[in-house]
Each structure stands twice: as C-alpha cells, then as structure tokens.
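Here is a brief report on side-chain packing in one protein chain. Please keep the structure open while reading.

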Amino acid sequence: QVQLVESGGGSVQAGGSLRLSCAASGPIYSVYTMGWYRQTPGKQRELVAGIETGDDRKTYADSVRGRFTISRDNAKNTVYLQMNSLKPEDTAVYYCNLRLPPFSNYWGQGTQVTVSS
C-alpha cells in the first residue's frame, strides 16, 4: 500500500515561511498526481496546490497563488510546498495527497500549520 509521510509544519508569524515535504513509498506507478490540501473544522478540504508527474502542470488555489510554490522530485516520490508570506487565514491542517487514476487516492496524516498575526 502507498504511504505518505509529511513534515515541515509548525507555527510562524504572519509574513513568515514554511516548507512542507511529503515522501511517498510503496507501489507507485508512472502516471499519478500529488498535491496539498488543507482543512479547518467545519470546512471542506480545499486543494491548495497540485502537480502532475507527466506534463508537470501545476494548479494553485487563488488564495495562495504567488505566495506558495509546489515542486516535485519524481526520483524520490516526494512533493514539496514552499509557503511564503504566510497569513493567519492560511492556518489549517495540511494534507499530502497522491492520486493513482482512476480510483486510488492516498492521504498523509496531516500536519498543522499555524500563522499568528
């Protein structure tokens, strides 16, 4: 089974930066996507950023575009999320996600990001 291990969460002041990492292990094939989602209590899980392995296409939520950067190391099956200019509204639990089409969908355990004003 695929497993995802996240790291890099923590607490920062507004305007600060964090870098999240997610390392995947297990049976992973050539066609897949990885991304980062976030969730706060009472809200739906929101896509923050995603990246394709094939064409390297990237997707960002409007709220983070220009501040966050997603990147990937295919050889290590690892995805990163560089988060700059953090705002209090970025506070959430961030989840790494890996999708193997058409049905398989794997999640990390979640890592807390807290941004104070």
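Predicted model: local features only at pLDDT ≥ 70, side-chain atom pairs only at ≥ 80, totals over all residues.

The largest nonpolar core holds 31 residues, and the members that touch the most others are Trp36, Leu81, Met83, Tyr94 and Leu98. Seen by element, two or more residues each come from strand 3 (18-25), strand 4, strand 5 (46-52), strand 7 (68-73), strand 8 (78-83), strand 9 and strand 11. Strand 9 contributes the most, with five residues. As a general background, nonpolar side chains in soluble globular proteins tend to be buried together.

Neighbours within four places in sequence are left aside here. Its contacts are then Val2, Leu4, Ala24, Ile28, Tyr32, Thr33, Met34, Ser104, Asn105 and Tyr106.

## Aromatic pairs

How many aromatic pairs does a search of the whole structure find? There are two. In one, the rings of Tyr37 and Trp107 have centres 5.0 Å apart. Their planes meet at 70°, over the 60 degrees required, so this pair is edge-to-face. Tyr37 is in strand 4 (residues 33-39) and Trp107 in strand 10 (residues 104-107). The pair links distant parts of the chain, 70 residues apart.

The other pair joins Tyr95 and Trp107. It is edge-to-face too, at 6.5 Å centre to centre and 90° between the planes. Tyr95 lies in strand 9 (residues 92-100) and Trp107 in strand 10, so this pair ties together parts that are twelve residues apart in sequence.

Is Tyr95 buried or exposed? Tyr95 is buried: its relative accessible area is 16%, and the cut-off is under 20%. Trp107 has a relative accessible area of 34%, so it counts as partly exposed.

## Charges over rings

The charged end of Arg45 sits over the ring of Trp107, 4.5 Å from its centre. Elsewhere, Arg19 places its charged end over the ring of Tyr80, at 4.2 Å from the ring centre.

## Thr111

Where is Thr111 placed? Thr111 belongs to strand 11 (residues 111-116). Its relative accessible area is 12%, so Thr111 is buried.

Which backbone atom does the side chain of Thr111 reach? It is the backbone nitrogen of Gly9, at 3.5 Å.

Notes
Residues numbered from 1 in each chain as written. Heavy atoms only, no water. Helix = DSSP H or I, 4+ residues; strand = E, 2+ residues; numbered from the N terminus. Buried < 20%, exposed > 50% of the residue type's maximum accessible area, 1.4 Å probe, protein only. Polar contact = N/O pair within 3.5 Å; in protein donor to acceptor, adjacent residues only side chain to side chain. Phe/Tyr/Trp six-rings, centres within 6.5 Å; stacked < 30°, edge-to-face > 60°. Lys NZ or Arg CZ within 6 Å of the ring centre and 35° of its normal. Core = buried A, V, L, I, M, F, W, Y, C linked by side-chain atoms within 4.5 Å. Contact = heavy atoms within 4.5 Å.
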